[in-house]
Amino acid sequence: MRGWVLDCYPDMDADRMVLWFKTPRGPVRVVDDMTPHIYVHATKERLQKLTNDLAMIGVKDAEPQKRKVSLGEKEKDVLAVPVREYASLQSLAMTIDSWGRYREHALFNVDLRMDQRYFLGKGLFAMGLTEIDGLKSMDAWRRIDYPVPELKGLDLGVAVNGSGIPTMDDGLASISANGVVLDGSEERMLEDLMSLVRDEDPDIIYTDRGDSFVLPYLQHRASLHDMSLELGREQGERTSRGKSYFTYGRIVYKPPAHKLRGRVHIDRQASFTYAEAGLPGLIEMSRLSHIPLQDISRLSPGSAISAMQVNEAVRSGHLVRWKKNLPEDFKTAGALIACDRGGFIYEPKVGIHDDVWEVDFFSLYPSIMVRYNISPETLNCRCCPTSSRIVPELGYRVCEKSTGLVPHVLEPILNRRRVYKSMKNDPRKGANYQQRAKALKWVLVTCFGYTGYRNARFGRIECHESITAYGRDILIRSAAIAESRDFEVLHGIVDSLWLHGSGNVRRLCDEISAEFGIQLNIEGRYRWIVFLPNVSTGVGALNRYYGLFEDGELKLRGIAVRRKDTPMIVEELQQDMLRCLSKAHDAERFVETIPEALQVVDRYAAELRNGTVAADRLMVRRRITRRLEEYAQFNDSVAALRQLHDKGFELQPGQSIEYVILDSGSERSWERVRAAPFLSGDDRYDGEKYVEMVHRGASELLSPFGWSFERMRQRDGSQRR
DNA sequence: ACGGCACGGGG
DNA sequence: GTGTACGTGCCGT
């Protein structure tokens, strides 16, 4: 019988691996043996001594082997240490580590995922079609057009008694499952839910905030009735610990994961990839990374690319060095910035332009890594001391003899993305392929960041520098080519150029693509585009613009509508103004339309002053980056945070807070703002403060046309008189 | 005036 | 398990 690998995880008590398959005839559970190994590299003499020492603590049959311990180097002597008790792997590694003084020996394959070990050992992979008897793969993870099982989903939600922030103490009002509402007593609802799940037997349970609330809440309610809530195909959950951590330059909070056994729980709020690329995107990433669906749904695209690199390294005979003490070892600013000037940015020509083309390189940074063979082991490699491939500006030599790990992993991903994008209009598979392309896009985007991340397994700062150096070189030279073909370069950022002129853009793109071996594509032609000035200096404005494409679509960057902390009322204002301005088909008409856009501003101001705007349109949402007592300034967020604190709620750094501004100038938190849970429905908001925000939003769009914030205020004042 | 604080970008 | 650094603008002190 054949089935797709739906899940794979270790049974920590039996020291065996558990596999769940999705077959056309239902789910199948299989248990398989696996002995994970950790490896030690040292001198032959030390390894011999280590073998004896290990035998003394009961670890027998450690075996000398030859393996590659770093990229691009020959095999070395290592000791393969079998770990029979899964739970002891970490402590055994720490014991061995403690036996060696500094750099006397190095440990490998310690922090590899158990599922990854299993798959790599067996030649299987997550979501791969497998012959279950004998556990043989009938599939290849590199396949682009692969068979996908039909997975049955169940949408689970709860409604809770009481108003305000739902807590574990609130009673259960109702449960909804695929739109069916269960009610009655709590016990009854929970019983009904379990029997419904048993009868329907879904492969996937979808929730919104299932990790952070729904599942722990339902379990808690069940425990109050001496019941145990089981939603998996087998008893028990695989629950992890929650954590605040630093990523993307900010703190986020990741609640404990509630993973089911034999059934996949996808928390839509906890899955970046699901939100961006849906189930097809998750399946694509699961297959390529070999990480089971349920796990990959909670991981970042960066972790996925990291896993793909590990897979490739292991498949090519490498061991993976143990990354110890990761969290404490974060990079300190300094050395990096000195030599890294980042991506190239032109100073845009402020104001409105028409007759504008935007051209973008296809996945520029990943394409550079592939085209110029950028990888940690290829820069200044020992095998090519006289390489003629030299990184611009920096002068690093690049290996000419063999393809690096990073390009080797990236090339098929770039290729897949290109194929999926090219087939997005296929009537049968197009939608599916588009989702897969989206997932891969994010994998490619994060890959660049990983090369410069000191804690990345295959990161090296020189890679990061080299990529941006090539990027700047390519963009500057592309701009020069464009100018030589009679285009005016209005703006350029990293991988995009905005060109004014009536030359042959298609031919220009072909010429530049051929020059660098990286595809330059036409993003579109703008009817008009506005580059915004820097508020304080009036010049520059690097990442803030808005424009109208020929097909009627708006492209917006860096302005209030794009920000998550913009209240809906200001977002609506900008959208309405933009809708109004979109009626203009060129720059001249645009300027003529401005008076009409100003009337939109007046409408919003008047509505706000009426006092009739509903609270949800006034809500400000902001991320909390520290604990209440750690804030040095008293601002709106802190006021709202204090309210929650007063009522016994604490937010973790990384969580968001929502509030309406009641009296912006007040120093008392309860008068200044009202946190969302405590809104009564008839709260009086700070109309003038919101009008000010509306004027700010309006002047953000119109400042290049003489409508500064101050002038916007003056106009408002004179009209009210 | 200056520092605290939060957000975006990538497609 | 977890990309960084920077540009930007508002707001508090």
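Mentor: Start with helix length. The expected span of a helix is 1.5 Å times one less than its number of residues. Helices (H or I, at least four residues) and strands (E, at least two) are DSSP runs, numbered from the N terminus. Helix H20, residues 687–702, has 16 residues and should span 22 Å at 1.5 Å a residue; the end C-alpha atoms are 22 Å apart, which agrees.

Two notes on conventions. The model is predicted, and local features need pLDDT of at least 70, side-chain atom pairs count only at pLDDT 80 or more, while totals for chains, interfaces and linings use all residues. Residues are numbered from 1 along each chain as its sequence is written, chains are lettered from A and ligands numbered from 1 in the order written, and side-chain values use heavy atoms, without hydrogens or water.

Now the empty space. Rolling a probe the size of a water molecule over the atoms shows where empty space is left. A cavity is a set of points, on a 1 Å grid over the protein atoms alone, where a 1.4 Å probe fits but cannot get out; lining residues have an atom within 4 Å of a point. Grid points are joined across faces, edges and corners, and a volume is the space filled by probe spheres set on the points. The search of the whole structure finds two cavities of 30 Å³ or more.

Take the largest one. The lining holds Trp 141, Arg 142, Leu 288, Met 308, Asn 311, Glu 312, Arg 315, His 408, Val 409, Pro 412, Ile 413 and Arg 416. Two helices, H8 (301–315) and H11 (405–422), each give at least two residues to this lining. H11 has the largest share, with five residues. By class, the lining has six nonpolar residues, two polar and four charged. Nonpolar here covers Ala, Val, Leu, Ile, Met, Phe, Trp, Tyr, Cys and Pro; Asp, Glu, Lys and Arg are charged; the others, Gly among them, are polar.

The second largest cavity holds about 40 Å³ of space. Around it sit Gln 309, Cys 447, Tyr 450, Thr 451, Ala 456, Arg 457, Phe 458 and Gly 459. Helix H12 (residues 430–451) has the largest share, three residues. The lining splits into four nonpolar, three polar and one charged.

Back to H11. Its 18 residues should span 26 Å at 1.5 Å a residue, and the end C-alpha atoms lie 27 Å apart, which agrees. Buried means under 20% relative accessible area, exposed over 50%, partly exposed in between (1.4 Å probe, protein chains only). The buried set in H11 is Leu 405, Val 406, Pro 407, Val 409, Leu 410, Pro 412, Ile 413, Leu 414, Arg 416, Arg 417 and Tyr 420. An α-helix has 3.6 residues a turn, so residues three or four places apart point the same way. Contact means heavy atoms within 4.5 Å. The buried residues of H11 pack against helix H6 (272–289), H8, helix H10 (364–371) and H12.

Next, the loop between H10 and H11. Ser 375 is found there. Ser 375 is buried, at 0% relative accessible area. Its neighbours, leaving out residues up to four places away in sequence, are Gly 404, Leu 405, Val 406, Pro 407 and Cys 463. A polar contact is a pair of N or O atoms within 3.5 Å; within protein, one must be able to donate a hydrogen and the other to accept it, and residues adjacent in sequence count only if both atoms are side-chain atoms. The Ser 375 side chain makes such a contact with the side chain of Glu 377, at 2.8 Å. A polar atom of the Ser 375 side chain also lies 3.1 Å from the backbone nitrogen of Val 406.

Asn 380 sits in this loop between H10 and H11 too. Its phi is positive, near 50 degrees, though the residue is not glycine. Asn 380 is partly exposed, with 33% relative accessible area.

Asn 178 also has a positive phi, about 50 degrees, without being a glycine. Asn 178 lies in the loop between strand S11 (172–177) and strand S12 (180–182). At 41% relative accessible area, Asn 178 is partly exposed.

Terms used: On a 1 Å grid over the protein atoms alone, a cavity is a set of points where a 1.4 Å probe fits but cannot get out, and a pocket is an open set with protein on both sides within 12 Å along at least five of seven lines; lining residues have an atom within 4 Å of a point.
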